[in-house]
Amino acid sequence: MTKRLDPNGGGSVIAGLFRNQIFIPFAALMLLAIFNLVADPSFFAITLNNNSAGYPVLSGQLITIIDNGSELAILAIGMTLVTASSRGQDISVGAAIAISGSVLLRVLCGTDTRPETMQAPIIVGFIVAAAASMAFGAFNGVLVAYFRIQPMVATLILFTAGRSIAAWINNNELPIVPGEEFKYFGGYIPGIPIPTPFIIAILCFILTWLMLKFTNIGLYSQSVGINEQTSRLNGLNPELIKLCTYVILGLCVAVTGLIKVSRLSTINYSVIAKDIEMDAILAVALGGNSLSGGKFNMAASILGAYVIQFLTTTLYKFDVQATALPAYKAVVVIALVVFSAPVVREKISRLAKKLRAPKTAENHA
Amino acid sequence: MREGSLLEMRGIYKSFPGVKALQNVDFTLREGEIHALMGENGAGKSTLIKVLTGVHVKDEGDIFIKGHDGAVQIRSPQEAQRVGISTVYQEISLCPNLSVAENIFIGRGKGAGVNWREMNKRSAELLDSLGIAVRPTQQLASCSIAVQQMIAIARAVDMECSVLILDEPTSSLDESEVAKLFKLMRQLKERGVGIIFVTHFLDQVYEVCDRITVLRDGQLVGEYEIENLPRVQLVSKMLGKELDDMADIKNDSAGYKDDGSTPVYEAENLCSTEGIKPFDFRIRKGEVNGFTGLLGSGRSECVRAIYGADTVTSGTVKMNGKPVKITKPKEAMKNGIAYLPEDRKRDGIVGDLSVRENIILALQVKTGFFKPFSRAKATEFADKYIKLLDIKTASVNTPIKSLSGGNQQKVILARWLLTDPKYLILDEPTRGIDVGTKVDIQKLVLKLASEGMSITFISSETDEMLRTCSRLLVMRDRKLVGELTGDQLTQNTIMETIAGGDRK
Amino acid sequence: MSTKAISGRRKGLLGNMTDTNLLTSITVAVFIVMYVCAVAFLQEGFLKPQTLFNLLNANAALIILSCGMTLVMITGGIDISVGGVTALVSMSCAVLLDKQGGDVIGAIFLAIGIGLAFGLVQGFLVAYLEIQPFIVTLAGMFFARGMTTIVNKDPFNVANEGFVGLKETRLIIPLLGSVNKKGNYVDAYVEIGVVVALLIVAILFVVLKWTKTGRNFYAVGGNRQSALMLGINVKRTTFMSYVICGLLAGIGGFVYFMHVGSGSPSHATGAEMNAIASSIIGGTMLTGGVGNIIGTLFGTMSLALIQTIVSSVGLDQAWWTGITIAAMLCIFLVVQSVIISRRKKKNNSSKESEVKESTNAADGKDK
């Protein structure tokens with residue numbers, strides 16, 4: 001549905017930007033920024049303070065955004081690929097994060113829910129958790145690719161069962177990871193004033209960029225998403241490519257799970273990463289990517305994720321209750337999608353033409 | 001409105017962003033006539049039809065219909081139906097999940113209820129009267145494409161329309177079905193129905209039509225009585241230039257000779273899941289051969305089996321004398337086989353991707369997952385073939401779906417030529433594209449063969465096959481029934497072999 | 001025509017059925033088999049008709065929501081706002097009855113009004129502005145959930161007399177009662193909500209089967225482009241499906257409210273997913289064009305039954321419910337996908353013979 005506007009619209013930079021997909025999240029970001037600037041310029045203040053542990057760290061609303069938005073941005077990477085190749089979305093990521101976090105805690109804490117020391121190195125815990133969530137990703141991928149079930153429906157299975165499975169892994173206990181270093185992933189590494197989640201996110205972006213640059217995953221997943229038959233006749237294996245994108249999303253889920261669990265050192269099965277699947281899908285949509293698959297723009301998706309976090313933070317700042325937040329978000333989202341809908345854009349441009357037409361007629365007269 | 005005319009379109013304009021699809025086009029349909037609407041791809045035929053059926057709304061101009069005072073406005077397919085215009089499209093526009101009877105009756109008639117018994121009864125009568133052997137209660141998806149097409153026509157017939165539009169209805173029908181369709185068309189003509197017939201097959205136009213209206217580049221060229229417009233002139237009017245006579249293309253190769261050299265490709269007992277009988281096949285360096293036979297005779301299935309596009313169930317394959325395994329398209333590609341599929345839209349193009357990405361796709365897959373081409377390299381490849389094949393596109397970044405059919409086909413051809421194949425399979429490369437491009441493609445085939453490429457060429461038009469192929473393999477009922485070379489390559493022998501000599 | 005009859009017989013019973021009928025039959029069969037197994041292997045309780053009625057009592061609202069969901073899914077869309085709307089309706093009605101001093105009639109109108117408003121707006125955005133339904137209704141769900149807490153943050157029970165009277169009303173079903181442990185005869189009963197739900201099922205079944213509007217939903221879901229060419233007003237049909245779904249979400253919300261008798265932001269959590277699951281188990285396909293209201297009824301009941309069975313065999317930890325529903329959904333989806341793809345293959349291979357048949361038949365006629 002990403003119909004390009006007016007192909008003969010001139011070659012100026014502004015027109016180019018307007019036509020670029022990244023325009024949509026960018027415009028949304030600018031709107032939000034201007035709104036905050038007018039409402040309260042202190043929104044943009046960044047200060048260097050000592051935190052509770054005594055290290056100097058950056059703080060301010062913008063830092064909160066890049067901190068909390070990172071999980072979403074990491075998920076958006078996987079979600080974009082899944083959307084492109086399988087023409088649908090994975091709605092089980094929130095539940096999968098719960099599973100991944102639960103596995104991580106199980107490995108780090110062992111059978112004891114309040115261990116004195118960690119029972120395994122963090123890296124081992126992460127690898128096991130990543131393997132688990134990639135396996136669940138593969139489960140979704142197999143249902144979608146080989147059984148040809150629509151992605152939303154296939155992932156509905158894990159969505160329904162995921163949090164139950166997560167609770168089951170730790171026998172519904174809530175283990176607490178001992179030690180400070182586990183908290184680094186969701187907080188700050190001593191001596192570095194930037195929140196670690198953002199650093200992890202940047203690492204993920206670089207890896208993604210390298211992946212898109214040095215492999216054909218981009219071309220293949222788009223091609224499969226647009227025309228599966230053609231892709232197969234050109235030697236691609238559509239099923240395998242779809243499966244791959246789900247496994248990649250599984251890896252993104254594991255990274256997100258690590259950050260989420262690290263923030264608390266424990267887990268709440270029914271609340272952790274709640275509704276994050278909706279935010280991740282919105283990030284993809286806000287990035288101007290068609291939710292029915294095909295062409296994608298990764299940078300736009302990532303920017304979209306931060307825009308959503310920007311919105312969340314802005315709303316919090318205006319004393320909106322956490323539970324009421326979705327209502328406001330919904331209004332903004334609807335406004336955005338209505339504005340970017342091809343039908344609406346066409347109508348607006350037609351209206352603009354009509355308004356301009358009488359003027360030129362007058363000039364001629 | 002003039003006496004006797006059913007439909008008049010006057011001064012129709014329609015433009016899309018960047019394209020003026022119709023400019024000042026007039027069209028008149030009289031009572032009881034079959035009127036061919038001709039033009040190359042991109043001439044504006046489809047747009048004119050869509051304006052008439054309410055899919056597109058015209059920018060300017062008037063449409064008059066007999067029995068309606070003044071100009072009528074057609075803003076939707078429903079409104080078109082209401083003023084008596086029925087359409088059968090090339091691509092089946094029925095709902096696969098509904099029953100045959102429902103497909104005939106949905107979206108019509110008064111009242112809010114559905115009387116299933118009545119509907120099924122009337123459908124059965126209608127289908128019987130047209131000789132279409134399906135049960136009304138059958139789900140449409142369980143019918144073959146040809147039958148679905150017939151059902152679409154049955155629907156239009158039953159709607160008692162005064163204007164019937166047939167938009168390339170014959171492209172998925174075989175000869176006997178075409179004959180049945182023509183019979184039906186003549187029946188309707190007797191009843192005073194005006195039929196607008198859009199087709200690419202010149203033979204069919206001269207067989208069944210009374211008048212021809214020719215469009216070119218969105219403008220009206222003229223309206224002609226069929227007797228006053230010989231074929232050559234029609235083609236020249238469509239092309240807008242004096243005919244670069246198609247007869248000029250001659251098969252220069254002195255005919256097929258079995259020189260005993262090792263075949264480039266050789267298969268024995270090849271068979272796939274698509275219901276063809278096992279067949280043997282070989283092709284030598286620089287040879288152009290072809291599979292011929294009626295639609296549905298299994299010619300496409302044969303080449304699909306060669307390429308590994310369908311699941312291969314048996315057979316041994318040798319390339320240059322060495323045994324190889326080809327069960328997947330990728331293995332075929334690795335062995336230097338290229339395949340241009342029959343259904344361009346379904347199997348050929350990747351619609352939203354750019355011309356550049358479409359051109360490099362096959363080579364990219366062949367090169368490997370971890371070795372993507374740089375953008376500059378890809379553009380270089382694309383530019384080379386855009387120039388070589390004279391592909392008309394705004395830029396290499398244009399999505400392929402916005403190109404005309406002929407240019408899309410050239411892009412897919414470019415994709416395969418870029419892989420530098422040893423053996424190229426072209427399944428209906430000229431279907432649904434304009435005459436000019438057809439000639440280009442035939443010339444190209446002969447040129448490539450003279451450079452040493454082996455080519456298998458399939459076409460519904462026997463002329464084309466005779467011009468290009470030095471050996472023809474004839475298919476009948478999913479079985480290879482004959483092989484024609486040298487002097488045998490005439491229309492008559494082909495027809496006889498297709499029909500089967502042993503038939504009484 | 002003898003050819004036709006022969007070809008019809010040869011294709012067999014399964015081949016004759018439309019996708020919709022086939023999938024519905026599977027669901028009904030599965031429900032019956034599950035119930036029989038439950039009666040045979042589990043407690044006597046399953047023999048009592050009241051067990052079945054309790055399933056209905058507890059799931060009347062879900063049945064209504066699933067009906068709306070099925071309708072939208074038949075046209076090829078999806079509406080994930082229904083759970084949120086249910087919560088918003090419960091909360092709004094609760095506030096109206098308890099804090100604003102409104103009456104039951106007013107509450108019913110409020111419920112229907114809220115549902116319709118959601119349906120109208122979402123339908124407009126999806127049908128006329130061509131925005132993806134998932135996004136639109138996702139926003140709808142967010143909005144409804146958020147609004148629920150804005151209306152009132154904390155859960156509370158409703159004590160309005162008229163309402164409690166309505167809530168406690170039980171319709172006695174004659175002859176199906178049972179004898180309790182003390183030896184007294186206990187009447188079998190259903191709540192009002194069940195009557196509403198079954199009425200809606202009946203109405204929708206008739207609409208979908210015997211009216212043109214109903215068939216249009218199928219046509220639009222089968223192939224939008226074709227439906228347009230066949231002269232169906234695709235936009236209006238799509239719009240209608242969302243409006244009806246919204247309306248049903250409003251009614252379903254009120255039925256839910258009647259059952260629980262309280263307002264809470266956490267009401268009907270995940271109801272949209274249960275509704276989708278019920279529709280799918282009932283044989284509706286998300287790709288559109290295939291589905292049946294009777295199937296949906298049985299789908300919802302199967303979902304409820306499996307939960308009852310799971311808890312009655314002693315797996316009463318909370319997670320087992322989620323896991324069993326998911327497992328059931330998984331099995332149904334895989335079975336559906338296998339059946340459909342096998343049918344497709346069969347159709348393809350029978351293509352050729354059919355073409356020939358039709359030609360032969362025509363030849364016969366010509367002679």
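**Helix packing and chain contacts**

Mentor: Start with helix 4 of chain A and helix 5 of chain A, whose crossing is right-handed; a crossing counts as left-handed if the near helix is turned anticlockwise from the far one by less than a right angle, and as right-handed if clockwise. Helices here are DSSP runs of H or I with at least four residues, strands are E runs of at least two, and both are numbered from the N terminus. Please keep in mind that this is a predicted model, in which local features need pLDDT of at least 70 and side-chain atom pairs count only at pLDDT 80 or more, while totals for chains, interfaces and linings use all residues. Residues are numbered from 1 along each chain as its sequence is written, and chains are lettered from A and ligands numbered from 1 in the order in which they are written.

Trainee: At what angle do the axes of helix 4 and helix 5 of chain A cross?

Mentor: They cross at roughly 145° and come within 8 Å, helix 4 being residues 93-109; the axes are lines fitted to C-alpha atoms over the stretch in contact, with angles from 0 to 180 degrees between N-to-C directions. Helix 4 of chain A brings residues including A:A96, A:I99 and A:V103, and helix 5 of chain A brings A:A129, A:A132 and A:F136 among them. Two residues are in contact if their C-beta atoms, placed from the backbone, lie within 7 Å.

Trainee: What classes of residue make up that contact between helix 4 and helix 5 of chain A?

Mentor: It has 13 nonpolar, 3 polar and no charged residues, where Ala, Val, Leu, Ile, Met, Phe, Trp, Tyr, Cys and Pro are nonpolar, Asp, Glu, Lys and Arg are charged, and the others, Gly among them, are polar.

Trainee: And which residues join helix 5 to helix 6 in chain A?

Mentor: From helix 5 of chain A come A:F136, A:F139, A:N140, A:L143 and A:V144, and they meet A:P151, A:A154, A:T155 and A:L158 of helix 6 of chain A. This contact has 7 nonpolar residues, 2 polar and no charged ones. Helix 5 (residues 122-145) and helix 6 (residues 151-169) of chain A pack at about 140° with axes 9 Å apart, and this crossing is right-handed.

Trainee: I clicked on A:F159; what does it touch beyond its sequence neighbours?

Mentor: Setting aside residues within four places in sequence, A:F159 contacts A:I91, A:S92, A:A95 and, in another chain, C:M273. A:F159 sits in helix 6 of chain A and counts as buried, because it has 27 C-beta neighbours inside 10 Å; buried means 20 or more other C-beta atoms within 10 Å, exposed 12 or fewer, and partly exposed in between, with C-beta atoms placed from the backbone.

Trainee: How many residues does each of chains A and C give to their contact?

Mentor: Chain C gives 35 residues and chain A gives 38. On the chain C side, helix 7 (133-151), helix 13 (271-281) and helix 15 (318-366) each supply at least two residues, and helix 7 of chain C gives the most, with 12. That side divides into 25 nonpolar, 8 polar and 2 charged residues.

Trainee: Staying in chain C, is C:G68 buried or exposed?

Mentor: C:G68 is buried, because 31 other C-beta atoms lie within 10 Å of its own. It belongs to helix 4 (residues 49-74) of chain C, and beyond four places in sequence it touches C:D79, C:V82, C:I244, C:C245, C:L248 and C:A249.

Trainee: Switching to chain B, how many helices and strands are there?

Mentor: Chain B has 17 helices and 19 strands. Its radius of gyration, taken over C-alpha atoms, is 24 Å, close to the 23 Å of the globule rule for 504 residues, so chain B is as compact as a globular protein of that length; the rule is 2.2 Å times the number of residues to the power 0.38.

Trainee: Where in chain B does pLDDT stay under 50?

Mentor: That happens over residues 243-249, for which the model has 9 contacts beyond four places in sequence; pLDDT is the predictor's confidence in each residue, from 0 to 100. Chain B as a whole has a mean pLDDT of 84, with 92% of its residues at 70 or more.

Trainee: What about phi at B:D420?

Mentor: It is positive, about 50°, although B:D420 is not a glycine. B:D420 is in the loop between helix 14 (405-418) and strand 16 (423-427) of chain B, and it counts as exposed, with 11 C-beta neighbours inside 10 Å.
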